[in-house]
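Hi,

Here is the structure I promised to pass on.

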Amino acid sequence: MVTQEIMDYVGGELYGVWFLIGAALVFWMQAGFAMVESGFARAKNAGNILMKNLMDFCIGTVMFIAIGFGLLLGEDAFFGLLGKPNLQIFSGYGSFDWSNFVFNLVFCATTATIVSGAMAERTRFLSYCVYSAIISGVIYPIEAHWTWGGGWLSQIGFHDFAGSTCIHMVGGICALIGAIMVGPRIGKFVRDKDGKVVKVNAFPGHNIPIGALGVFILWLGWYGFNGAAATSLGQLGSIFVTTTIAPAVATVVCMIFTWVKYGKPDVSMCLNASLAGLVGITAPCDVVDAFGSIVIGAVAGLLVVFGVWLLDHKLHIDDPVGAVAVHMMNGVWGTVAVGLFATDSAPGYSLADADGNVLIGLFYGGGVKLLGIQCLGILSTAAFTVVTIFITFAVIKKIFGLRATAEEEITGLDITEHGLPSAYADFEIQNSYGAEYLDGMTDIDLGDLELAPVETAVEVKVAPNVDKQTMEQGGPKMTKIEILCKERNLERLKNALISLGITGMTVSHVMGCGAQKGQPEYYRGVALEAALLPKIRIDVVVCAVPVRKVIEAAKKTLYTGHIGDGKIFIYNVENVIKIRTGEEGYDALQDEE
């Protein structure tokens with residue numbers, strides 16, 4: 001008897017230690033989210049995304065101490081709708097449930113982190129901090145109380161073991177509403193004159209290796225995410241098995257599907273598929289067997305591809321990292337899967353309704369009762385989340401504004417929000433804007449900004465020996481035109497020159513600063529030297545095309561009314577020699593104009 005008591009004590013202590021190790025693994029998932037989101041975004045916003053992921057946890061901790069923990073795990077109140085807020089962590093620290101606090105805190109922070117990816121690259125940092133605090137302090141604790149705090153859903157038999165609904169679906173819904181209300185990134189969707197989307201542009205992530213490392217970190221952390229609450233070694237082993245099978249199958253299915261559909265296996269989509277499989281298995285990880293895990297993973301691998309396509313091509317909602325497809329859609333699927341695949345052969349199986357009747361999944365002979373309960377939990381939690389997060393975003397938008405300005409978005413949130421020149425110091429970063437700005441740039445709202453005259457914004461400097469006839473009419477005399485401009489305008493300028501009949505040009509990346517002297521930059525509070533700004537230099541040599549036409553076309557293309565729009569330099573050219581044919585002068589330029 002004494003030996004058994006000792007074994008029970010040791011076992012309890014060991015599981016207490018594992019409980020906290022699991023919490024640490026879930027905290028480590030914050031690093032995974034930060035890597036995935038920053039890697040799948042553009043380099044000019046990497047620091048901003050890292051800062052948001054850091055503040056998710058830090059702000060979430062403050063809010064969870066102040067109000068969140070009580071709302072989640074406080075004494076049940078208002079018919080199981082919420083817990084009573086308390087400050088027991090201060091008033092009764094000696095008897096406080098420290099382990100439970102830490103464990104639920106790290107889960108809380110995960111919910112807010114999901115939102116940052118879908119709203120990345122165009123959301124104001126201040127606004128992000130505000131809604132992250134509300135999600136962590138109010139929205140998540142209340143809805144999670146229904147399932148995990150003894151609330152009304154838990155009383156009727158709703159099952160979400162580790163958070164497919166409470167965390168991932170809720171975070172995904174917040175991400176969806178936020179992405180809709182903040183709007184797409186500039187240039188993501190090209191519209192015709194009637195406002196109809198005619199093209200969807202891809203913005204490739206700047207660092208897929210970092211994104212992949214983030215996925216592996218998340219997968220490792222998920223063993224704690226799903227397994228920390230296991231009550232026996234057998235149940236823990238089963239959870240590890242299902243948590244491995246589902247994402248692996250999802251990734252294989254996604255690889256095959258994208259290989260067939262696009263001709264090549266899609267790297268970033270397969271990374272998302274791994275996460276989709278993990279989200280899908282989160283709710284049923286303790287109640288399904290290997291077969292159920294395989295089916296759940298296979299559906300998740302297809303659902304994530306469908307979700308990304310649906311948002312891009314049908315709903316026209318910009319989600320840079322695929323958070324809605326991964327978390328919301330597969331959070332719903334994972335919770336529904338409990339009602340389909342739950343089997344009493346799983347170790348430690350204990351699903352039962354309010355009357356104590358055992359609940360089994362539909363495909364294992366249990367009927368539709370459990371499936372109905374799961375659907376009720378999904379719908380009620382989703383309804384609460386939609387209403388509360390919409391009100392949250394609407395108030396924030398009214399008071400602070402949700403979206404960064406067009407200039408801040410184009411420049412990058414690292415420098416405009418944080419004064420960080422680049423998240424990759426000592427590396428030359430080329431921000432690729434590309435053809436997505438051809439039509440998108442015309443939609444930028446310049447607001448009430450004071451505009452400089454075109455002569456100031458786009459300066460023209462003509463060498464003394466360039467005669468007036470060459471400028472106005474063209475002729476046998478050859479002239480070199482050198483144009484300096486911002487990189488985002490390259491495609492539009494190139495097309496403007498081609499429309500004049502100029503097809504030969506040289507494009508170079510250069511660095512420099514003019515009257516604006518670069519923006520002041522600081523690192524750890526220390527001022528840096530005035531930065532050189534990245535520019536594009538386009539060189540063309542014309543003969544038959546009048547120089548004045550080139551100048552006017554460049555001005556029209558580059559002008560926004562701000563100092564720094566660009567400069568144009570005009571030089572005489574003594575001769576041009578085409579090496580291939582030996583032609584010189586006018587003849588050498590004829591297939592270039």
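Below are my notes on cavities, a surface patch, salt bridges and a couple of backbone angles.

Before you start: this is a predicted model, where local features need pLDDT of at least 70 and side-chain atom pairs count only at pLDDT 80 or more, while totals for chains, interfaces and linings use all residues. Residues are numbered from 1 along each chain as its sequence is written, and side-chain values use heavy atoms, with hydrogens and water left out.

**Cavities**

Rolling a probe the size of a water molecule over the atoms shows where empty space is left. A cavity here is a set of points, on a 1 Å grid over the protein atoms alone, where a 1.4 Å probe fits but cannot get out, and its lining residues have an atom within 4 Å of a point. Volumes are the space filled by probe spheres set on the points, with grid points joined across faces, edges and corners.

How many cavities of 30 Å³ or more does the structure hold? There are two. Helices (H or I, at least four residues) and strands (E, at least two) are DSSP runs, numbered from the N terminus. By type, the lining of the largest cavity splits into seven nonpolar, four polar and one charged residue.

Around it sit Phe-64, Ile-65, Phe-69, Gly-70, Asn-86, Gln-88, Ile-89, Phe-96 and Phe-101. Helix 2 (46-73) and helix 3 (88-91) each supply at least two of its lining residues, and helix 2 has the largest share, with four. This lining has six nonpolar residues, three polar and no charged.

**A nonpolar patch**

Helix 13 (residues 369-399) gives the largest share of the patch, five residues. Val-395 is in helix 13, and it is partly exposed at 43% relative accessible area. The cut-offs are under 20% for buried, over 50% for exposed, and partly exposed in between (1.4 Å probe, protein chains only).

**Salt bridges**

A search of the whole structure turns up 11 salt bridges, each a side-chain nitrogen of Lys or Arg within 4 Å of a carboxyl oxygen of Asp or Glu. Here are some of them.

- Asp-312 pairs with Lys-188, with the closest N and O atoms 4.0 Å apart. Asp-312 lies in helix 11 (residues 290-315) and Lys-188 in the loop between helix 7 (164-182) and strand 3 (189-191), so the pair ties together parts that are 124 residues apart in sequence. Asp-312 is buried at 16% relative accessibility, and Lys-188 is buried at 6%.
- Glu-409 pairs with Arg-403 at 2.8 Å between the closest N and O atoms. Glu-409 is buried at 2%, whereas Arg-403 is partly exposed at 28%.
- Lys-578 and Glu-583 meet at 3.7 Å, N to O. Lys-578 is buried at 15%, and Glu-583 is partly exposed at 31%.
- Arg-42, Glu-121, Arg-185 and Asp-318 are linked in a network of salt bridges.

**Backbone angles**

Most residues other than glycine have a negative phi. Glu-121, from the network above, has a positive phi of about 80°. Glu-121 sits in the loop between helix 4 and helix 5 (125-148) and is buried, at 0% relative accessibility. His-316 also has a positive phi, near 55°. His-316 is in the loop between helix 11 and helix 12 and is partly exposed, at 26%.

Cheers

Definitions and conventions
1 Å grid on protein atoms, 1.4 Å probe; cavity = no way out; pocket = protein on both sides within 12 Å on 5 of 7 lines; lining within 4 Å. Nonpolar A, V, L, I, M, F, W, Y, C, P; charged D, E, K, R; others polar.
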